[in-house]
Amino acid sequence: MSQGPRSGLAAVSSALLAMSRHLEVRDVLKTIVASARELLDAQYAALGVPDDHGGFAQFVVDGVSDQQWKAIGPLPRQHGILAAMLQEAKVERLADVRKDPRFEGWPSAHPDMSDFLGLPIRDGDEVIGALFLANKNCPKPDGSCGFTAEDEELLSILAQHAAIALTNARLYERSRELTIAEERSRLAHELHDAVAQKLFSLRLTAQAAAALVDRDPSRAKGELQQVAALAAEAADELRAAVVELRPAALDEDGLIATLRTQVHVLDRAHTAHVTFDSCGVRALPASQEEAVLRVAQEALHNALRHSGAERVDVTLARRDGGVVLRVTDDGSGFDPQQTRRAGRHLGLVSMRDRAGGVGGALTVESAPGKGTTIEMEVPGG
């Protein structure tokens, strides 16, 4: 008797660990369904996420082949037993789902199902999904239900954690969507401020060259050379903006590898020599790694776009129990106290906010003609 509960708890633990590994909603749904079918040893399992129009926004199955799934046809509507679980928000355990008065039939290609266990997935008072299993792999004397009260209890535990995993996955996807929207907004602003201005200058210079072709060919040649230079600068600006739009692979690669890759790409995209070096830095909390990366990107952006630097050096090192990011350029520099240029001023404010938001500090050392050093220190690492 003691073997059963331990085996059940071990199976539930494995299922919960599997769910926690995924952040994408679709992957979480698939893991929940596969875990439920394996946990209760059923032939079929499915999970539906309802929409607001009487159907399902997502519907994931396990135990049905791709060919069978295509033959079944469109996703089901919220009717019959499915509707009961969503509307009444209660568990349904049936010996034969086909004999239930709420049963409304299946498409011709749908697999035949008999005993049935289904329950809603709740987030507080909201029903965010319906999880159900069919055809328990066990003897069923006299047409009884193969699913037991213990199965119902295990599935209820799984459903509670499934709600948490699904909610977290949704929050993650929304957060990522907001980040992408912010990046797009920033890119649009930068394209307007940089590339659009370059293209405007290019058009005026081309018009001037066209007007000079007949009466002053030598000046026209000089203007055309300027057109070529402006076009090259615009291409560099666009490449840099696209590079910065790409989401950082912090989860997969970590801060050091991500910084090294971005610096390498920027070194190839710009005439300035851009380097990266790190020493003795361990992994940081996710929020700190993101803040350090964003400050590094902003500092690199300023150095490569505004300072006219020939060299930009990025270092990441340990110091007094913390980690220090240092971005140094040999460009034109500026007076940090007097600067009023909106792009630079807002960039410094943003960097200070990011540093302070993770318990760190930002310092700026610069002077006209003396280059610039941006330093960010965060605890840990």
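What share of the 381 residues in the chain is made up of buried residues? Buried residues make up 42% of the chain, where buried means under 20% relative accessible area, exposed means over 50% and partly exposed lies in between, with a 1.4 Å probe and protein chains only. The structure is a predicted model, in which local features need pLDDT of at least 70, side-chain atom pairs count only at pLDDT 80 or more, and totals for chains, interfaces and linings use all residues. Residues are numbered from 1 along each chain as its sequence is written, and side-chain values use heavy atoms, with hydrogens and water left out.

The secondary structure comes to 9 helices and 10 strands. Helices (H or I, at least four residues) and strands (E, at least two) are DSSP runs, numbered from the N terminus. The chain exposes about 20,500 Å², of which carbon and sulfur atoms supply 51%; accessible areas come from the Shrake-Rupley method with a 1.4 Å probe, and for residues only the protein chains shown count as cover. Among contacts (heavy atoms within 4.5 Å) with a separation of 6 or more, 62% are between residues 24 or more positions apart.

Helix α2 has 16 residues, which at 1.5 Å a residue should span 22 Å. The expected span is 1.5 Å times one less than the number of residues. The end C-alpha atoms of α2 are 23 Å apart, which agrees. The buried residues of this helix are V25, V28, L29, T31, I32, V33, S35, A36, L39 and L40. Just after α2, D41 takes a positive phi of about 55°.

The largest nonpolar core has 35 residues, and those touching the most other members are L300, V312, L316, L325, L362 and M376. A nonpolar core is a set of buried Ala, Val, Leu, Ile, Met, Phe, Trp, Tyr and Cys residues joined through side-chain atoms within 4.5 Å. At least two residues of this core come from each of α7 (250–269), β6 (273–279), α8 (286–306), β7 (311–319), β8 (322–329), α9 (342–357), β9 (361–366) and β10 (372–379). Helix α8 gives the largest share, 9 residues. Apart from its neighbours within four places in sequence, L362 is in contact with V295, L348, M351, R352, A355, I374, E375 and M376. A second, separate core of 29 residues includes L117, L133, L158 and A163.

Side chains of opposite charge can pair when their charged atoms come close. A salt bridge is counted when a side-chain nitrogen of Lys or Arg is within 4 Å of a carboxyl oxygen of Asp or Glu, and the count comes to 13. In one of these, R37 and D62 meet at 2.6 Å, N to O. R37 lies in helix α2 (residues 25–40) and D62 in strand β2 (residues 56–62), so the pair ties together parts that are 25 residues apart in sequence. R37 is partly exposed at 26% relative accessibility, and D62 is partly exposed at 21%.

R98 forms a salt bridge with D112, with the closest N and O atoms 2.7 Å apart. Both residues sit in the loop between β3 (92–94) and β4 (116–123), 14 residues apart. R98 is partly exposed at 34%, as is D112 at 49%. R102 forms a salt bridge with D100, with the closest N and O atoms 2.9 Å apart. Here R102 is partly exposed at 25%, whereas D100 is buried at 14%. Salt bridges that share partners also join R319, R326, E375 and E377 into one network.
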